[in-house]
Amino acid sequence: MNKYLKLILSILMDLIGMGSYFIPWLGESFDMLWAPISSGVLYLMYKGTEGKVASVINLIEEAAPGTDLIPTFTLTWVYTYLIKKGKKK
C-alpha cells in the first residue's frame, strides 16, 4: 500500500475513532465496539513491531474514557515513515 494512501486511511480511522466526541449520542458505547475493530485494522495496516505495539496502545486508548482525541493511527504513520525512516540514515 502506498504510504500516502496509508496516511489518508490513518486520518480517516482517527476521525472515526473521534466520532463519540463529534456525535454526542454515540458516547462510550461506540468506543467499546470500535476499540477492538480499530486495533485489528491498525495491526493489519502496520506490519512488524510497530503494528503490534501500536495496536495494543490503540486498544487501550480507544477503550479508556476521554482519550479519543489521540490520533493513534496518524502517530503510527508519522513514526513509521518519518521518525523510524530518519533513524536508518
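**Helix packing and the nonpolar core**

Helices α1 and α3 cross in a left-handed way; a crossing gets that label if the near helix is turned anticlockwise from the far one by less than a right angle, and right-handed if clockwise. The model behind this is a predicted one, where local features need pLDDT of at least 70, side-chain atom pairs count only at pLDDT 80 or more, and totals for chains, interfaces and linings use all residues. Residues are numbered from 1 along each chain as its sequence is written, and side-chain values use heavy atoms, with hydrogens and water left out.

Helix α1 covers residues 3–17, and its axis comes within 10 Å of that of α3, with a crossing angle of roughly 165°. Axes here are lines fitted to C-alpha atoms, for helices over the stretch in contact, and angles run from 0 to 180 degrees between N-to-C directions. The helices themselves (H or I, at least four residues) are DSSP runs numbered from the N terminus, as are strands (E, at least two). So α1 and α3 are roughly antiparallel to each other, a word kept for angles over 145 degrees, while those under 35 count as roughly parallel, 65 to 115 as roughly perpendicular and the rest as oblique. On the α1 side, the contact (heavy atoms within 4.5 Å) uses K6, L9, S10, M13, I16 and G17, and on the α3 side F30, D31, W34, V41 and M45. Sorted by type, the residues of this α1 and α3 contact are seven nonpolar, two polar and two charged. Ala, Val, Leu, Ile, Met, Phe, Trp, Tyr, Cys and Pro count as nonpolar, Asp, Glu, Lys and Arg as charged, and the others, Gly among them, as polar.

Helix α3 (residues 27–45) also pairs up with helix α4 (residues 48–63): their axes come within 8 Å and cross at roughly 170°. That makes α3 roughly antiparallel to α4. From α3, the residues involved are D31, M32, W34, A35, P36, S38, S39, L42 and Y43, and they meet G51, K52, A54, S55, V56, N58, L59, E62 and A63 in α4. The contact of α3 with α4 holds ten nonpolar, five polar and three charged residues.

Next comes the inside of the fold. The largest nonpolar core is made of ten residues, namely M13, F30, W34, L42, M45, Y46, A54, F73, W77 and Y81. Such a core is a set of buried Ala, Val, Leu, Ile, Met, Phe, Trp, Tyr and Cys residues joined through side-chain atoms within 4.5 Å. Two or more residues of this core come from each of α3 and α5 (72–88), and α3 gives the largest share, four residues. In soluble globular proteins, nonpolar side chains tend to be buried together.

Leaving out residues up to four places away in sequence, M13 touches W34, V41 and F73. M45 sits in helix α3 and is buried, since its relative accessible area is 11%; buried means under 20%, exposed over 50% and partly exposed in between (1.4 Å probe, protein chains only). With residues up to four places away in sequence again not counted, M45 touches K6, L9, S10 and F73. L44, also a residue of helix α3, counts as exposed because its relative accessibility is 57%. Over in helix α5, T74 is buried at a relative accessible area of 19%. T74 touches L7, S10, I11 and D14, not counting residues up to four places away in sequence. Finally, L5 in helix α1 counts as partly exposed, at 43% relative accessibility.
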